[in-house]
Each structure stands twice: as structure tokens, then as C-alpha cells.
Amino acid sequence: MDFALSPEAEETVGRMWDFMREEVFPAEPVWAAYLAEHGAHAYPPVMDELKASARRRGLWNLFLPELSGLSNLDYAAVAEVSGWSPVIAPEAVNCQAPDTGNMETLHRFATPAQRERWLEPLLAGTIRSAYAMTEPDVASSDATNITTTIVRDGDDYVVNGRKWWITGVADERCQIFIVMGRTDPTAEPHRRQTMILVPRDAPGLQIVRHLPIFGYQDQHGHSELLLTDVRVPAANLLGGEGDGFAIAQARLGPGRVHHAMRAIGMAERALALMVGRATSRVAFGRPLAEQGVVRELIAQSRIDIDQARLLVYKTAWLIDRHGARGARTEIAAIKVAAPAMATAVIDRAIEVFGGAGVGDDTPLAYFYAWARVLRIVDGPDAVHRRTIAREELRRERPYAG
């Protein structure tokens, strides 16, 4: 296995770091001040400035190999850099979730008309999108439980159901939802689900509320939706009836690499903050950096971050060569390992900062909340451990004496 980045990726990572230092990090207080004045779901104009600069710098849609020329392994390094400012940087380069997964889904499975109507403006960054699968009344980590119905009626489909934790809805730029529902309850369990495109302005679609994460309201929102007799043209179907589960699985591999690498970026920034605090703060007559317990926190964090990164690199390398199916165990493993590692490293940084670590003067509290949430989104840790264990139990051993 060779995890060396291509020359193009090395150069892209360098340009990404220039962008972060020169524009993204300085934009963070501007972003925060605008939201404090105009509300949690307002859209700070500084983002448009960052997007324009990112396009000039050639930092745009880097997640999609067909457009960027970067492999999954190459893009993983870029995603890590963006994780140092996870609220602003990914969107600034049009590589933010859930749009990346939605754009990849449309790129692979949409009709030419669907791509023209929705994919092109998403790639241009002029609209946002949402992926509506999770439901409040069933364990949605098992997609076969989904109860939202998608019923054919002449030239239309009629959608009924309730969804929640749907990311991006609070942003008015979110114009299209990929909705997962059930078309045939009598089919084989993994052929019951179907995906359909539902525009934001479809009659019968109600945005019920925006849900906080550990008290934080995300700028784009994580929302509850009610779909009551929502009628959309049959041409809005993604793929065919019963293809929903397969499409959902196809979109998860590269996306989990992106999530994992952004988590690693958050952990690296937390470690950088921890080191800065340790070298500048004095307790019991000497700098924190000279205290054995603090050095242990720093050392263990470096070990944990580097271990997680290597696992994600291996996963991206396997996806590049064998597709998501060839990296099934590793995809599940990074989904568990990277957020857990980030949570632990950020927690150590909070310990070194003390009271300052749980307020808003540093990004640590938000990082901690989001890292913990990552252990639930795209499937909880328990589900991925189940997948890993199943594959491990099937593995042939060279010796079992």
C-alpha cells in the first residue's frame, strides 16, 4: 500500500492551507458575529466572498474525482485541512455534507433532466440540498424500518411521512430534498425503499422545527419535516422503484472518508490548541507543558490521531482500487474510529483549558459536540461494529490452534 499523495494533491493541499490561513480562519469571528446579530440560521455574506476566492484558487468541488482529478486518497488530505474549520471551510470549497453525498448520488444515478435541474446548481454552489431518511418513530439505522410511503398515482408519486435530523433545511438555499421512502411493503426487505426528489416548495411539505445539537443550532439546521400528501412527478424518481437501499449504500463510502478526515482535522486543531495552552499557562510553579500528566495527554493524542489517519488512508486507498464494496469493513471501521478518536482528543484539550474549554472563547466545545454527533450520523457506532464483527466472523484464518 502506498499512501503517498500525488503531486497534484500535494499542490492542492498547499493551496488549501494558504486559503485557510489567509481567509478562512480570519473569517471565523466575522461569521460568528453575523450569526449573533442576525440569528443562528442567517447566511453570513462572508461565505460568498470565500466561495469566490476558492473558485479563483481552483479549490472547488474537489470531492468528485471526475471533476477534480483527485483520487479518494488525495482528497482525504484536503478534507483533513478543511476539518480545522469544519463549519466554514467545507462549504467555502463546495465540499460540505450533505451536499457532497447528494451531488455524488445525482451524478451517478440521476437522469439527464434531473442533473440539469438540480446537480448543476449544486455544483455551482447556488443552492443547497438535504437527504431525508431518518424518522422519529423507528430505528432508522436499519433502513428497512423506514415507514414514509411513496405511492404511484398516475403520472405522480404521493409522499407521506415524518422525517427528522435532516441537515441543511434551515438554510433557505436548501431547495431540493432526496427523500427515502417505501414503495412496496411486500417486496424483499432491501427492495422496499425508493428515493425521490422533492422540491422545497412542494405543497404538503412542512418544516416543523429545527433541532439543536447539545444546545447548538447549526447555521444550516437539523430539522424535522412533515410530508402530507406531497405530490411530485414520477420523473422525480431516482433510479427505479426498490433501488433506494442500493443507492444509499453507494453514497456512503467516500462520504465516510470525508467525515472521518474532517474529524481528524478537528482533532489536529484541538491538539494544536492544547499545545499552545500547555506552553503558555503556568500552574503549581511551572508551565503546564512540564507537568507529566499534560505531556501524557499530548503524547496520547498524537498517537491516536496518527493511527486514525492511517486507517482512513487505507480505506480511501482501497476504495480507489476496489470500490466501496472492496472496503466494506474499513468504511465501517473509520466511521467508529475517527469520531471516537476526535472526541477523546478534544476532551483532553478541554481538560487542559479547564473552564475556558467549555465556553465559546475557543471552538473546543462545539468541536466536542459535533464529534460526538458524528458517532450517530450515517449510522451509530453499534451498527458499524455489527458490520465489522460479521465480516470478522467470516474471515478465514491462517491458523486457529
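Tutor: What follows starts at a pocket, then moves to its neighbourhood and to other parts of the chain.

The model is predicted, so local features need pLDDT of at least 70, side-chain atom pairs count only at pLDDT 80 or more, and totals for chains, interfaces and linings use all residues. Residues are numbered from 1 along each chain as its sequence is written, and side-chain values use heavy atoms, with hydrogens and water left out.

The site is the second largest pocket, with a volume of about 220 Å³. Pockets and cavities are found on a 1 Å grid over the protein atoms alone. A pocket is an open set of points with protein on both sides within 12 Å along at least five of seven lines. A cavity is a set of points where a 1.4 Å probe fits but cannot get out. Lining residues have an atom within 4 Å of a point. Points are joined across faces, edges and corners, and the volume is the space filled by probe spheres set on them.

Which residues lie nearest the centre of the second largest pocket? They are Asn72, Glu104, Arg108, Ala250 and Pro254, out of 13 lining residues. By class, the lining has 7 nonpolar, 3 polar and 3 charged residues. Nonpolar here means Ala, Val, Leu, Ile, Met, Phe, Trp, Tyr, Cys and Pro; charged means Asp, Glu, Lys and Arg; the others, Gly among them, are polar. Helix H3 (65-68), H6 and helix H8 (244-280) each supply at least two lining residues. H6 gives the largest share, 3 residues. Helices and strands are DSSP runs, numbered from the N terminus: helices are H or I with at least four residues, strands are E with at least two.

Now H6 itself. It covers residues 99-109, and Thr100 is found in it. Thr100 counts as buried because its relative accessibility is 5%. Buried means under 20% relative accessible area, exposed over 50%, and partly exposed in between, with a 1.4 Å probe and protein chains only. Leaving aside residues up to four places away in sequence, Thr100 touches Phe63, Cys95 and His258. Contact means heavy atoms within 4.5 Å.

Most residues other than glycine have a negative phi, and most peptide bonds are trans. Asn94 counts as buried because its relative accessible area is 1%.

UniProt, in an unreviewed entry, assigns residues 7-125 to "domain: Acyl-CoA dehydrogenase/oxidase N-terminal". UniProt positions follow the numbering used here, feature names are shortened, and annotations may be inferred rather than shown by experiment. Over residues 7-125 the chain is 72% helix and 0% strand, with end C-alpha atoms 27 Å apart. The unreviewed entry also lists residues 130-230 as "domain: Acyl-CoA oxidase/dehydrogenase middle". That span is 0% helix and 50% strand, and its end C-alpha atoms lie 16 Å apart.

H8 and helix H10 (328-353) each supply at least two of its lining residues. Arg256, His259, Ala260, Ile334, Lys335, Pro339 and Leu374 line it. They divide into 4 nonpolar, 1 polar and 2 charged.

Arg328 also lies in helix H10. It is partly exposed, because its relative accessible area is 37%. Arg328 touches Thr387 and Glu391, not counting residues up to four places away in sequence. Its C-alpha is 8.4 Å from that of Ile388, 60 residues apart in sequence.

Finally, helix H11 (residues 364-373) gives the largest share, 3 residues, of the lining of the largest cavity. That cavity has a volume of about 40 Å³. Its lining is Ile213, Tyr216, Asp218, His222, Tyr366, Ala369 and Trp370. Asp378 is found in the loop between H11 and helix H12 (381-394). Asp378 has a positive phi of about 55 degrees, although it is not a glycine.
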